[in-house]
Amino acid sequence: MTSNGEESPKKLLLYSFFMSSCSFRVRIALNLKGLDYEYKAINLFKNEQHSPEFLKINPIGYVPALKDGDIVLADSLAIILYLEEKYPNHPLLPHDLAKKAINYQAANIVSSSIQPLLNVPVMNLIEENVGQEAKISWIKKQAGKGFTALEKLLKDHAGKYATGDEISLADVFLAPQIIGLSQRFNFDMSEFPLLSRLNEEYKHVAAIQDAMPENQPDFPIN
């Protein structure tokens with residue numbers, strides 16, 4: 001209870017997995033907006049996302065999911081847009097309609113045309129049925145296609161960050177994808193000078209660094 005007798009607002013609850021780039025996006029957004037939240041680890045390696053308890057939270061069995069009082073949301077884009085409307089401090093979308101559309105497009109390239117093709121079940125399926133070399137070839141092809149599109153999309157809009165001199169929705173989606181590919185697969189970014197420059201900027205953003213996989217409570221110690 002607060003001093004005037006009102007019930008204190010409940011802390012946001014984030015269902016997350018340290019290695020999930022989709023969870024990484026939401027962690028960045030929460031950090032940028034200065035929102036305090038409780039971290040609930042869902043171990044994808046142990047299939048906890050398919051447990052009856054978690055399926056009540058998100059019936060499709062994916063992370064992240066966010067609980068805000070009585071509201072439960074799944075899907076990173078839905079969560080981030082919800083946070084953007086409810087918590088307008090540090091806006092992630094510009095007022096300019098054209099720039100806003102570029103942010104939506106960049107986020108969608110990552111969330112629809114890159115990340116789903118490179119997630120753990122897909123990678124495991126390719127490696128088990130075709131082999132390690134085929135998996136690496138698939139990663140290079142799909143990530144390269146998406147990054148090429150992003151380079152072209154952002155070349156006339158980028159400033160310090162993806163669409164200007166302030167961190168935006170596009171950066172929230174770009175950073176985890178670039179960082180994840182570099183860390184997990186040693187992906188060569190030399191063909192993508194704009195994205196490489198943005199990645200260097202991300203190294204100096206506390207909200208992104210605090211959201212890094214290795215800084216999460218479920219990151220393996222060994």
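1. A quick definition before we start: a residue counts as buried under 20% relative accessible area, as exposed over 50%, and as partly exposed in between. Lys-203 shows how that works: its relative accessible area is 47%, so Lys-203 is partly exposed. Bear in mind that this is a predicted model.

2. Let's begin with the sheet. The model has an open sheet of 4 strands, and reading across it the order is S2-S1-S3-S4, with mixed pairing. At the edges stand S2 (37-41) and S4; each has a single partner strand, so one side of each has no neighbour in the sheet. From one strand to the next, the twist averages 20 degrees.

3. Now look at the S3 and S4 end of that sheet. Strand S3 covers residues 65-68 and strand S4 covers residues 71-74, and the two pair in the antiparallel sense over 4 bridges. They make a hairpin with 2 residues between them. In the turn you'll find Gly-69, which has a positive phi of about 65 degrees. As for who faces whom, Asp-68 stands opposite Ile-71 in S4.

4. What does its side chain meet in a salt bridge? The partner is Lys-86, with an N to O distance of 2.8 Å. This pair links distant parts of the chain: Asp-68 sits in strand S3 and Lys-86 in helix H3 (residues 76-86), 18 residues apart.

5. Lys-86, at 42% relative accessibility, counts as partly exposed.

6. A search of the whole structure turns up 6 salt bridges. One of them joins Lys-155 to Asp-156, where the closest N and O atoms are 3.2 Å apart. Lys-155 has a relative accessible area of 55%, which is over 50%, so Lys-155 is exposed. Asp-156 is exposed too, with a relative accessible area of 61%.

7. Another of the salt bridges brings us back to Lys-203, whose side chain meets that of Glu-200 at 2.9 Å, N to O. Glu-200 has a relative accessible area of 42% and is partly exposed. Lys-203, as noted in the opening point, is also partly exposed.

8. On to helix packing. Helix H1 (residues 21-32) packs with helix H7 (residues 169-185), their axes being 9 Å apart and the angle about 135 degrees. How do H1 and H7 lie relative to each other? Angles over 145 degrees would count as roughly antiparallel and 65 to 115 as roughly perpendicular, so H1 and H7 come out as oblique. The crossing of these two helices is right-handed.

9. Last, the annotation. An unreviewed UniProt entry carries "domain: GST C-terminal" over residues 96-221. In the model, what is the make-up of residues 96-221? The chain there is 66% helix and 0% strand.

Terms used
Residues numbered from 1 in each chain as written. Predicted model: local features only at pLDDT ≥ 70, side-chain atom pairs only at ≥ 80, totals over all residues. Heavy atoms only, no water. Pairing = 2+ DSSP bridges. UniProt positions renumbered as here; feature names shortened; annotations may be inferred. Salt bridge = Lys/Arg side-chain N within 4 Å of Asp/Glu carboxyl O. Buried < 20%, exposed > 50% of the residue type's maximum accessible area, 1.4 Å probe, protein only. Axes fitted to C-alpha atoms, helices over the stretch in contact; angles between N-to-C directions. Parallel < 35°, antiparallel > 145°, perpendicular 65-115°, else oblique. Left-handed = near helix turned anticlockwise from the far one by under 90°.
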